[in-house]
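Hi,

Here is the structure I promised to pass on. Have a look first, and then read my notes below.

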Amino acid sequence: MIESPAAPSTLEVALGDRSYPIHIGPGLLGDPQWLAPHLAGRQVMVVTNETVAPLYLDKLIQGLSDDLEVRTLVLPDGEATKTLAQVERIWDALLAAGFNRRCTLIALGGGVTGDMVGFAAACYQRGVAFVQVPTTLLAQVDSSVGGKTGVNHPRGKNMIGAFWQPRAVLIDTDTLATLPPRELSAGLAEVLKYGLIRDADFLAWLEAEMPALRGLDAAALTRAIERSCALKAEIVAEDETEQGVRALLNLGHTFGHAIEAHQGYGHWLHGEAVGTGMLMAAELSCRLGWLSEAEVARVRTLIEAAGLPLAAPAEMGVDDFLAIMRLDKKNLDSRLRLILLRALGDACIHDETPPPTLAALIEAFPRR
């Protein structure tokens, strides 16, 4: 189990006058020094979900000053709830409470909660402050950082949204103690992604430390979170609105989002679909002559060690994949853009994959 390690650390997402900190460490919830500096005014709305609320809502509120006007909203949990209807509930609650432009929304939960609260904040009165307090590994290392907000559409994941940066990200590593093993593995998919796209040394470290990570070793998890957030912050600072290098963060996502949309949101966890998608991307990179079979085997072993699936859904054919992949946000001028690997630790944006090569990869990929 997780035991509290060293003192909290702080990283910065460098975006000029919109820069913000990422605080990482144990025991941050309930400590007023971490939240108070990032509140825009007296009005605070804490939005969480039915799973997280019994665990951490009271503790977070204890860290807020008594002179604040604090309201709470508890939403249903799960990827299937990431809809405009749920975001409208947030707006309804804000309006019913008479919250103004100096209010602050706090997102307490996983990636679904963070994405919806961020989108609600981006739109409410044309933009209000919000703070991310992620409680899952996937949200801590990925979705809480970088300002991507939004909801799903039945035809495609995250198709409706906005770029809206938080004022801060507060990562209390103690929250991982209550994370189910399947959710932990889903988060490890995004951790592996950073090593695959940008840091071969980190990838090698993950190979050695995967048992410790899955065993909830505090020091290993903290290091994984810090390195993942540092890489994410570096990329976001280079390309905030995904005009270029930020697209590399989508390794495996084009395939993975197709699985999620086809299967129905929530049947596969996002990280599970991304894990399978990264293996598909690695195998396609091999077919294009960039990765060796030994390197693909290394990726496969890592994904398996993280507890992630190695096969796509049995009922998904080539046409099913391609129909959804053609709607991917990265595509330009009807050209399918994929994130592939020139080497382990070196990703690229590729829009010249021969259609027969892509179809052959999808056809040959294992099913379960």
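A word on classes before we start: Ala, Val, Leu, Ile, Met, Phe, Trp, Tyr, Cys and Pro count as nonpolar, Asp, Glu, Lys and Arg as charged, and the others, Gly among them, as polar. This is a predicted model, where local features need pLDDT of at least 70 and side-chain atom pairs count only at pLDDT 80 or more, while totals for chains, interfaces and linings use all residues. Residues are numbered from 1 along each chain as its sequence is written, and side-chain values use heavy atoms, without hydrogens and water.

On a 1 Å grid over the protein atoms alone, a cavity is a set of points where a 1.4 Å probe fits but cannot get out; a pocket is an open set with protein on both sides within 12 Å along at least five of seven lines, and lining residues have an atom within 4 Å of a point. Grid points are joined across faces, edges and corners, and a volume is the space filled by probe spheres set on the points.

The second largest pocket has about 290 Å³. Its lining has five nonpolar, three polar and four charged residues, including Arg326, Asp351 and Leu358.

There are two cavities of 30 Å³ or more. The largest holds about 100 Å³, and of its 13 lining residues, Lys157, Met159, His257, Ile324 and Asp328 are the closest to its centre. Helix H9 gives the largest share of that lining, four residues (helices are DSSP runs of H or I, at least four residues, and strands runs of E, at least two, numbered from the N terminus). The second largest cavity has about 30 Å³. Here too H9 gives the largest share, three residues, and the lining has no charged residues.

Next, the aromatics. The search of the whole structure finds two pairs (ring centres within 6.5 Å, using the six-membered ring of Trp; planes under 30 degrees apart are stacked, over 60 edge-to-face, the rest tilted). Trp91 and Phe119 are tilted, because their planes are at 55°, with centres 6.4 Å apart. Phe202 and Trp205 have planes at 15° and centres 5.9 Å apart, so they are stacked. Both Phe202 and Trp205 are buried (under 20% relative accessible area; exposed is over 50%, partly exposed in between, with a 1.4 Å probe and protein chains only). Trp91, at 22%, is partly exposed.

Finally, Arg368 lies over the face of Trp268, 4.5 Å from the ring centre (CZ of Arg or NZ of Lys within 6 Å of the centre and within 35 degrees of the ring normal).

Cheers
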